[in-house]
Each structure stands twice: as structure tokens, then as C-alpha cells.
Amino acid sequence: MKLWKKILIIVLILCAILTICIVRKFIIIANLVNEAKEYANKTNYISVVESLQNGTVNILKSYNKDGNYLTTMRIYGKDIQEERGITRYKKDSEEIGIIQSGQEKIAILDGSVLGEVSVVNIFSTLNSTMSKLQFAVMSKITTDNYDNIECYLIELDNWKMWVEKDTGLIVRDINGGIVAERFYEFDVVKDEDIIKPDISDCKIQE
């Protein structure tokens, strides 16, 4: 067999292997997106996100029910001696935001100015076939077990995601220097869990 034929065979084998790998990743991504649809529009859930960056820990906990929510974020670190955090509250048409730094607390009666409340973090909203294919080509996907949860470990540039196989929910991710762990409970929030925060000791900013 001539040398060029051997080279051609090797190239064809490598192309076949590459195609199989891409197809495998495409199928995984499509399945995760499909699984995540069940949770994408959930309106009753508790979301907890614990993130670490440069020695600073942020703990966010959010109770959500039918568009109403109570969300708290607390910031901790070895150089932070005082309590710091943000509270977001919405019930029907009333929205309140509280910013705390030590003993100083400011209540904002139009809490919407603090931005959107946290949502369920699903793997992806890749809806088109082309977007799934591009993601499959650019990413690396392996299997991993995180905190006794069967996951796919998806790596894209400097972003690593541990995605639960059965739900499409991201349970852990590392993005640059930020490490975040995420926990969820669904269909457990009651109206009494969303309590209006006390602003009697706050400075009021309308």
C-alpha cells in the first residue's frame, strides 16, 4: 500500500472518531436541555447559592412562589468584620430592598432598582440545533460524581459546570476565579415563608 493511502486511511479514521465524539456530546447536550425544560419555568422553589471568590464568601438564599419572593444575600470574609448583605422582597405589587453594611441599613421602597432576583440555574437555553452543535464542538464533556450526584462535567474555556444528569440543573460551577455551589428544593414554598422584612431600623430611600 502506498504511503498516501495509509495517510488517507489514518485521516479518515481520525475524522470518524471526531465525528462520533461530537455526535455523543450533541446528544448529551440535547438531553440536558430537554430535561431542564421541566424546571425552567418553575415558580415554586428554594434556591441556595454559595460562592467563593478571593477569600470572600457570598451566601444567597431565595424563597420563590408564583412571582413573589424573599431573597437574602450575605457576605463573609476574613477582612469583613461587620455584617453585610442585601435583602430583596416582593409580594404582589410591593417591592422592598434593604442594603446593610454594619449597623447602617438602607431600605429602598422601590426594590426593583436592585435588579432581578435569582432564578433556577439550568444547564442551558440552547434552543436551536446549530447552537447545540457549536457548543458540542467547543466543549469537553466527561462524567463525574459530585456530592453523590451523577453529573456531566462540561468544560468550556475557563468555565466548568457540574450538571445533574437527571435534571439539567447546574449544581456546581467554576467560572474564572468564582466557585459556586447550588442547591434547590421545588414545590415546597408556602405563602408564610415570604415574610415582609422589618424596616423600622432602616433609613428610608424612596
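Over the ring of which residue does the charged end of Lys-165 sit? The charged end of Lys-165 is placed over the ring of Tyr-152, 4.9 Å from its centre. A charge is said to sit over a ring if NZ of Lys or CZ of Arg is within 6 Å of the ring centre and within 35 degrees of the ring normal. The model is predicted, and local features need pLDDT of at least 70, side-chain atom pairs count only at pLDDT 80 or more, and totals for chains, interfaces and linings use all residues. Residues are numbered from 1 along each chain as its sequence is written, and side-chain values use heavy atoms, with hydrogens and water left out.

Arg-172 likewise has its charged end over a ring, that of Trp-162, at 4.7 Å from the centre. Arg-172 also takes part in a salt bridge with Glu-181, in which the closest N and O atoms are 4.0 Å apart. A salt bridge is defined as a side-chain nitrogen of Lys or Arg within 4 Å of a carboxyl oxygen of Asp or Glu. Arg-172 counts as buried at 18% relative accessibility, whereas Glu-181 is partly exposed at 25%. In these terms, buried means under 20% relative accessible area, exposed means over 50%, and partly exposed lies in between (1.4 Å probe, protein chains only).

Eleven salt bridges are found in a search of the whole structure. One of them joins Lys-42 to Asp-187, with 3.0 Å between the closest N and O atoms. This pair links distant parts of the chain, 145 residues apart: Lys-42 lies in the loop between H1 and strand E1 (44–53), and Asp-187 in the loop between E11 and strand E12 (203–205). Helices (H or I, at least four residues) and strands (E, at least two) are DSSP runs, numbered from the N terminus. Lys-42 is partly exposed, with a relative accessible area of 22%, while Asp-187 is exposed, at 51%. A further salt bridge connects the side chains of Arg-84 and Glu-82 (3.5 Å, N to O). Arg-84 is partly exposed at 33% relative accessible area, and Glu-82 is partly exposed at 37%.

The aromatic side chains were examined next. A pair of aromatic rings is described by the distance of the centres and the angle of the planes. Rings of Phe, Tyr and Trp (its six-membered ring) pair if their centres lie within 6.5 Å; planes under 30 degrees apart count as stacked, over 60 as edge-to-face and the rest as tilted. Four aromatic pairs are present in the structure. Among them, Tyr-39 and Phe-186 form a tilted pair, with 4.8 Å between the centres and 50° between the planes. Because Tyr-39 lies in helix H1 (residues 3–40) and Phe-186 in strand E11 (residues 178–186), this pair ties together parts that are 147 residues apart in sequence. Phe-186 also pairs with Tyr-184 in a stacked arrangement, at 6.0 Å centre to centre and 20° between the planes. Tyr-39 is buried, with a relative accessible area of 13%, and Tyr-184 is buried as well, at 17%. One aromatic cluster is formed by Tyr-39, Tyr-45, Tyr-184 and Phe-186.

Two strands pair if DSSP finds at least two bridges between them. Strand E4 (residues 84–91) and strand E5 (residues 94–101) run antiparallel and are joined by eight bridges. In this pairing, Lys-91 stands opposite Glu-94 in E5. The two strands form a hairpin with two residues between them. E5 pairs in the antiparallel sense with strand E6 (residues 104–108) over five bridges, and Gly-97 stands opposite Ile-108 in E6. The hairpin of E5 and E6 has two residues between the strands, and Gly-102 takes a positive phi near 65° there.

Backbone angles in the loops were also considered. Most residues other than glycine have a negative phi. Asp-92, in the loop between E4 and E5, has a positive phi near 55°. Asp-92 is exposed, with a relative accessible area of 58%. Asn-54 has a positive phi near 50° and lies in the loop between E1 and strand E2 (56–65). At 74% relative accessibility, Asn-54 counts as exposed.
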